[in-house]
Amino acid sequence: MSDSNGEAPAPQGGVLSVLKRLDDGLSVVERQLLGWSIVIMAVNTVANVIMRLGFSSSIFFSEELNQFLIILVTFVGISEAARMGRHIRMSAFTDMLGPQASKIMMIIITLGTAALLFLLAWYSIGYVSSLIQSNRLTPALRIPYYLTVLIVPFGFTVTGIQFVLAAATNIFRPGTHLSYRVEDTFTDADDHHL
């Protein structure tokens, strides 16, 4: 059963309660990172345009900073999207299956997605390691390049955990859940006629 926002009720119990509090804290940090990154990108871009038009000179690190912030927003954002059940999905097929089959498909999809994300996290750790060994620096700011992509393995891992939690929620709770927080509201395909 979900509340008026479509969110599943909070899990009960010791370990689940601690995990929920940790995830709530992580969600706050992620939202702050996302919000401030977007603000900094906007200010940086506007300032660079003003400098270019008004003074015929760009801010030398502007493009590099925006590239780093785009990476940050992307890989922090996927975790928040998975947590809130806002990831892209094609539900036409699963909606036609009915509630029970849809739930089984959701378990398979979330576990498969989690496995893929953990694999990508593993490969991205290897990539970050190779960047550390290469001692490569960014062109403008001259900071180690690996620092700009360090968020990638973290983003993949945390998002993979979100999908594992979604699968566990689908296994142990009634209903079909898009994430451990958000229950999918199933509507019969016949209800969609105009």
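**Stop 1: a pocket**

Start at the second largest pocket, with a volume of about 270 Å³. This is a predicted model. Select Glu64, Gln67, Thr138, Tyr145 and Thr148 to find the pocket: of its 19 lining residues, these lie nearest its centre. How can such a space be found at all? Rolling a probe the size of a water molecule over the atoms shows where empty space is left.

Now colour the pocket lining by element. H2 and H5 each supply at least two residues. Which element gives the most to the lining? H2 does, with seven residues.

**Stop 2: the whole chain**

Zoom out and switch to a cartoon view. The protein has six helices and two strands. Follow the chain from the N terminus, and the elements run α-α-α-α-α-α-β-β. There are 194 residues, and 34% of them count as buried.

The protein exposes about 11,900 Å². Carbon and sulfur atoms supply 70% of that area. Then think about contacts. Among those with a separation of 6 or more, 72% come from residues 24 or more positions apart.

**Stop 3: helix H4**

Select residues 99-134. This is helix H4, with 36 residues. From its first C-alpha to its last, H4 reaches 52 Å, close to the 52 Å expected at 1.5 Å a residue.

Which residues of H4 are buried? Show the side chains of Ser102, Lys103, Met106, Ile107, Thr110, Ala114, Leu117, Ala121, Ser124, Val128 and Leu131. Keep the geometry of a helix in mind as you look along them. An α-helix has 3.6 residues a turn, so residues three or four places apart point the same way.

**Stop 4: Arg181 and its partners**

The structure holds six salt bridges. Select Arg181 and Asp23. Their side chains meet in a salt bridge at 3.4 Å, N to O. Arg181 lies in the loop between E1 and strand E2 (183-184), while Asp23 lies in helix H1 (residues 14-55), so the pair ties together parts that are 158 residues apart in sequence. Both Arg181 and Asp23 are buried.

Asp24 is partly exposed, at 27%.

**Stop 5: a pair within H2**

Return to H2, the helix that gives the most to the pocket lining. Select Glu80 and Arg83. Their side chains meet in a salt bridge at 2.6 Å, N to O. Both lie in helix H2 (residues 62-83), three residues apart, about one turn of the helix. Glu80 counts as buried at 9% relative accessibility. Arg83 is buried as well, with a relative accessible area of 0%.

How values were computed. Residues are numbered from 1 along each chain as its sequence is written. This is a predicted model: local features need pLDDT of at least 70, side-chain atom pairs count only at pLDDT 80 or more; totals for chains, interfaces and linings use all residues. Side-chain values use heavy atoms; hydrogens and water are left out. Helices (H or I, at least four residues) and strands (E, at least two) are DSSP runs, numbered from the N terminus. The expected span of a helix is 1.5 Å times one less than its number of residues. Buried means under 20% relative accessible area, exposed over 50%, partly exposed in between (1.4 Å probe, protein chains only). Contact means heavy atoms within 4.5 Å. Accessible areas come from the Shrake-Rupley method with a 1.4 Å probe; for residues, only the protein chains shown count as cover. A salt bridge is a side-chain nitrogen of Lys or Arg within 4 Å of a carboxyl oxygen of Asp or Glu. On a 1 Å grid over the protein atoms alone, a cavity is a set of points where a 1.4 Å probe fits but cannot get out, and a pocket is an open set with protein on both sides within 12 Å along at least five of seven lines; lining residues have an atom within 4 Å of a point. Grid points are joined across faces, edges and corners, and a volume is the space filled by probe spheres set on the points.
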